[in-house]
Amino acid sequence: MAVTIKSDREIELMRESCKRLEYVHYELSKVIKPGISTMEINQIGDKLIREQGGIPNFLNYNGYPASICTSVNDEVVHGIPHKNRILQDGDIISLDAGLIYKGYHSDAARTHFVGNVSEEVKLLVERTKQSFFEGIKQAVAGNHLYDISNAIDDYISQFGYGIVEELVGHGIGTSLHEDPQIPNFRQHRRGLKLRPGMTLAVEPMINLGRCDVEWLDDDWTVVAEDGLPSAHYENTILITDGEPEILTLGHYEFE
């Protein structure tokens with residue numbers, strides 16, 4: 001496993017890439033409403049990324065046909081935007097996006113409410129987000145990678161939700177997906193020791209029902225097998241000498 005340690009210059013470029021991506025998410029959060037199509041969201045996101053001086057890193061990645069992953073309700077990740085997929089009151093949608101700035105990647109995901117969402121689903125989304133923060137409490141130099149995984153599992157398991165196991169977080173830098181892989185569920189080994197300069201994309205994917213998922217015929221969209229809603233929350237973080245720095249959060253005030 002070759003895990004890269006970023007230099008000070010590389011960290012600055014990662015910060016800039018991530019700040020620009022956070023702006024994209026901030027602007028996209030304003031357009032989520034009943035009646036908009038997922039293709040419109042993708043088109044707005046693509047334009048925002050390019051206006052920020054970035055390149056959409058998802059577009060054509062292993063053949064993925066869009067710049068923004070738009071996953072609605074029971075779609076866990078990698079939903080493909082379509083002009084006929086219209087958001088309805090009561091839906092949730094996760095937007096997963098990334099960009100390349102001066103050769104450095106950023107990656108983040110947010111799950112949004114569309115209109116009036118049931119309390120049960122609101123809690124799923126809020127707890128998925130909180131599980132990220134519980135996980136990165138352990139993202140401290142000297143700790144081990146799977147301390148993050150175990151903290152996410154400890155928090156989520158009390159609610160009886162299904163933690164997706166087929167998909168995990170990852171390292172990030174000059175490539176979108178680098179070592180190491182970061183599971184969101186309990187591990188029986190410790191994993192590598194965390195060191196300052198590591199940049200990681202931590203991304204809990206949590207199902208309201210069971211953990212089981214399946215791939216649709218488009219070979220991209222991952223859905224909850226039981227058809228119940230799924231939530232996704234992700235940030236790119238930096239391991240430091242102290243607390244982790246969340247590179248894709250903190251520059252803009254989200255509602």
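These notebook entries follow my look at the salt bridges in a predicted model.

**Ground rules.** I number residues from 1 along each chain as its sequence is written, and I use heavy atoms for side-chain values, leaving out hydrogens and water. Since the model is predicted, local features need pLDDT of at least 70 and side-chain atom pairs count only at pLDDT 80 or more, while totals for chains, interfaces and linings use all residues.

**Entry 1, the count.** I looked for salt bridges, meaning a side-chain nitrogen of Lys or Arg within 4 Å of a carboxyl oxygen of Asp or Glu, and the count comes to twelve.

Glu 245 lies in strand β15 (residues 245-246) and Arg 15 in helix α1 (residues 8-29), so the pair ties together parts 230 residues apart in sequence; helices (H or I, at least four residues) and strands (E, at least two) are DSSP runs, numbered from the N terminus. I noted Glu 245 as partly exposed at 25% relative accessibility, and Arg 15 as partly exposed at 28%, where buried means under 20% relative accessible area, exposed over 50%, and partly exposed in between (1.4 Å probe, protein chains only). I also saw that a network of salt bridges links Arg 15 and Glu 245 with Glu 12.

Arg 50 is partly exposed at 43%, whereas Asp 46 is buried at 18%.
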